[in-house]
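Q: Got a model open here and want to go through some local features. Can we start with strand pairing?

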Amino acid sequence: MSNVQQTQAFYSLTLEAPSAITAVVTCNSIPGLKNQDQQIFEARGQRIYLHRIIENEDRTEVSLSTVCEQNVFGIIRGVTSFRIPGTATDQLVIASDSGRVAMVNYDAEKKQFKRVHLETFGKSGVRRTVPGQYLASDPRGRCCMLASAEKNKVVYIVNRNSEAEIVISSPHEANSWANLCFGICALDTGWEHPVFAALEVDYNDAENDPTGEMYSRREKLLVYYTVDLGLNHVVKSWSDTVDYSANMLFGVPGGQDGPSGVLVCCEDRIYYRHDKTAPLCIPIPRRKGSTEDPNRKRIIVAGCLHLSKARHEFFFLLQTEDGDVFKLTMEMSEEAKAQPERMVVKYYDTFPVAKQMLLIRKGYIYVAAENGNSKIYHVNDLADDPEVEPHNTFKSDDVSPDPTETYKPTYFTPRHLNFTSLAVDIPSLHPLMRTHVANPANEDAPQIYAIQGTGNRSVFKTIRHGLEIQEIVNTALGDFPCDNLWSLKHRSSDEYHSYLLISSVHGGKTIVLSIGDEVETIDDTSFLTKWPTVTAAQMGDDTLVQVHARGVHSILGSGAVNAWPSPANRTITAASANDRQLLLGLSSAELAFFFMGDDGVLNQLEDMPEMSGKITALSVGQTPKGQQQAKYAVVGCDDCTIRVLSIELDSPLEARSVQALSAVPTSIEVVEMVEPGSSGTVVSYVHIGLESGLYLRAIIDEVTGELGEVRTKFLGARPTRLFPVSISASQQQGILACSTKPWLGYNHPGSSIYTLTPLVAATMEAARPFNSEHLDGLCAIQGGNLLIFGIPKVDGRLSASEVALQYTPRAMTRNPWNSMWYVAQSDGNTLSQATKDDLRAKAGDAVPAEEFAELEKHIGLSRSTGHWASCIQAIDPVEAKAATSTIELADNEAALCCEVIPFASREWEVYLAVGTGQHMMPGVAPTAATEAPKGFVHIYKLTESGRQMELMHKTAFASPVYALHPFQGRLALGVGPELFVYDLGM
């Protein structure tokens, strides 16, 4: 019997929210913004997001900023937005697995979504008969329709009452028995009754016919549902047969902007259909090239509409499953303005295959990628000039709208981006094919190694917990270690820092650097360089203060120098300063307090109170805006206590509170930060680093000086040192904590919750803000080097480095003796490299191989039914950070699995075993004309510390090999329903 432990429990922790996009739509939800400044409302798993595209004045820097992120605690199936007449912002509609439709809008004050309505219409769960699978809203904002995959549809009518409150009707049903729905969209009917279009198949006759004849004669219908706003009901007003391969609908603008109706996207063709006008048809262009199959048909998988109400013009951008985007326009008849005469299709650009595609009024295209990173492209040209690329422009003339009639295919030449340029690359972790937790890099925390993506956009990723830094300068400082640094402005009104002071206790000196176009050492300076610096600050208007063990060195704006020597037989062990106040901790456990007058001279307080132990750390609070002095300072002693003291001139150095600690404090910083969850309220936080490696954070009560809401986190084995920094990525103050690794404390820009995240960098001794004319970032001491770096993003907690792969990864395995990984990759219905080279040679293709490979990286791999492209790669993600060896498989063979196997018969030497399949046709039964699929096991010898692979032999099997595993010094493998155990032969 199995041993069941009653106390066993599993803990679930979400490291990163899902990045796979379920649905996305444009909206204008933030009050006060122009209509041109559209936002992106996005659903990922159980979370909803509101994004804005942020750009500088000359549009050279573009970023996607997350305004709001919220968990809805349900599986989101679809989203849409619409503007109710008379309202200032868009309403957002969410369909989920709750059996309810939710209407929300954005609350700008609370920075979160607010529920307006929540109406129940069905059972919970993702069911085929519960509406919510498809969602569409009327362009005039009067109603929305939810449809299920089978049978049911409901319509909600939305309006405003006399008190300007949004009211929603009860659900109006439009159900059809034995009916399958393949998609819906809303027609633009102006201010006439709203109409929704649906693609439907009636399976009642096919279900009741055992002969199968009715199934072979089944039809797909385009059905119009009209919502009668006067009678409050929904009726089926029109239907007509369409091509059975129809998969997607797009509403055509109506009223004064266009002819209304719908675009019906089918396999290899696009139809325009409407009950009031004649139909049109145009073929979907196919790719032209020596490695392209001229008979392969495409379908439309995504698209978006651009409508200019001022000019009454519109066009569609439609994307095929290859990623090719076409611009579709309609030319109207001169006799009847509402009668379309022809359709024109022009090849626009090639993007990653999209789940959904949005055209933003600012001039950007948002591609919510089906796989991998989503993209934002800047629109450089709308391709309106007919003289540009006429060979990639096609018209619907002489193409019959009858699906049964033949037509002549059209072909275009794919290329790199021409009308657009990449503006933002949005990192994503989907789809993750395999993951493995290991630490071959010997870091203090293990890494997650993963294979991700499809086709030639696949990557091998190394995922770490932490924020990625952007290293700008890394230069050696000398043979002696440095332990602290300070960046100083020359005057308080300066925008940039002018000096950088670097202190070395071991070397017994201070290095002074000037900050300008370059960072360089100053030999002739008023700063003291023969002593290590305890602290340095710019005080008053133009006074520079340097504190060293033997005194205080002040450099006035006039150039005059004042010196305050420390008392006899006493040295300065700790110091802290703000704009007007300076606090010193002496070796005698006494405190010396200074305040600065209007003349820039430091004045000392006569009283020097003694603490209960040796002073190890202290901090003076920042000077609040509009005030001359801070209220509190915090002092830490070696008796494991900290004290909050008043430093106001009317009650100087009076104790307010005492807090016991678990270890000796080594660093203290008082920083003003915005309180999480408040509307901009600034609170004084004391951050404490302990000798044990602990980090503590508490709030100082502004009235009593008591410490409250203490939070604790262990950062590492080294004593924790704290440094206040400015985070340019989110325009806020934060804390950089240095222990075994550096950690950044900040308010998360999405949730506003205080977050402590490690940086993906080596150990730092100290860090400070670094602002120059060319850089807004941070500087740090890293060993014996000066590091200047930036933190590009703080909205995530994971960072990743990647190595590009050639095909879709199927399996991965690790060499147990080093940092090498091996990835089996294969793509079905894709031409292998050998086949492509052969086809290009036969066609006399003059394009150089490097240019062809670069183009293929952009437009995707060449595809052909029945072919397989496959390879095995050795990846070194630690040192080389690239593939060190690649073996391409030939003869229509595909790698399916791989494993590193130690063989006992070879003194436990490890070999790479790869399971493959040949002539596989997934979903297709083999016939006499086709070869039956079979499998092989390849054995590779690993040489050069695993960097190279040498084929030893391969063994044939009757079926493809999908599973390999080491077993007691041998190889266990599964072939069909059988399990084999093999040893390595000669």
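A: Gln470 stands opposite Gly790, a residue of β64. Keep in mind that this is a predicted model.

Q: How many bridges join β37 to β64, and in which sense do the strands run?
A: Six bridges join them, and the strands run antiparallel. β64 covers residues 785–790.

Q: What is the strand order in the open sheet?
A: The order is β37-β64-β63-β62, four strands with antiparallel pairing.

Q: Which strands stand at the edges?
A: β37 (470–476) and β62 (766–771). Each has a single partner strand, so one side of each is left without a neighbour in the sheet.

Q: And by how many degrees are neighbouring strands turned against each other on average?
A: By 25 degrees, with direction ignored.

Q: Switching to β16 and β17. How do those pair?
A: In the antiparallel sense, over nine bridges. β16 spans residues 220–228 and β17 spans 233–242. Within this pairing, Tyr225 stands opposite Lys236 in β17.

Q: What about the hairpin, how many residues lie between the strands?
A: Four, and Asn232 takes a positive phi near 55 degrees in that hairpin.

Q: Where is Leu15 placed?
A: Leu15 is in the segment before β1, which covers 23–27.

Q: Why does Leu15 count as exposed?
A: Because its relative accessibility is 51%, and the cut-off for exposed is over 50%.

Definitions and conventions. Residues are numbered from 1 along each chain as its sequence is written. This is a predicted model: local features need pLDDT of at least 70, side-chain atom pairs count only at pLDDT 80 or more; totals for chains, interfaces and linings use all residues. Side-chain values use heavy atoms; hydrogens and water are left out. Helices (H or I, at least four residues) and strands (E, at least two) are DSSP runs, numbered from the N terminus. Buried means under 20% relative accessible area, exposed over 50%, partly exposed in between (1.4 Å probe, protein chains only). Two strands pair if DSSP finds at least two bridges between them. Axes are lines fitted to C-alpha atoms, for helices over the stretch in contact, and angles run from 0 to 180 degrees between N-to-C directions.
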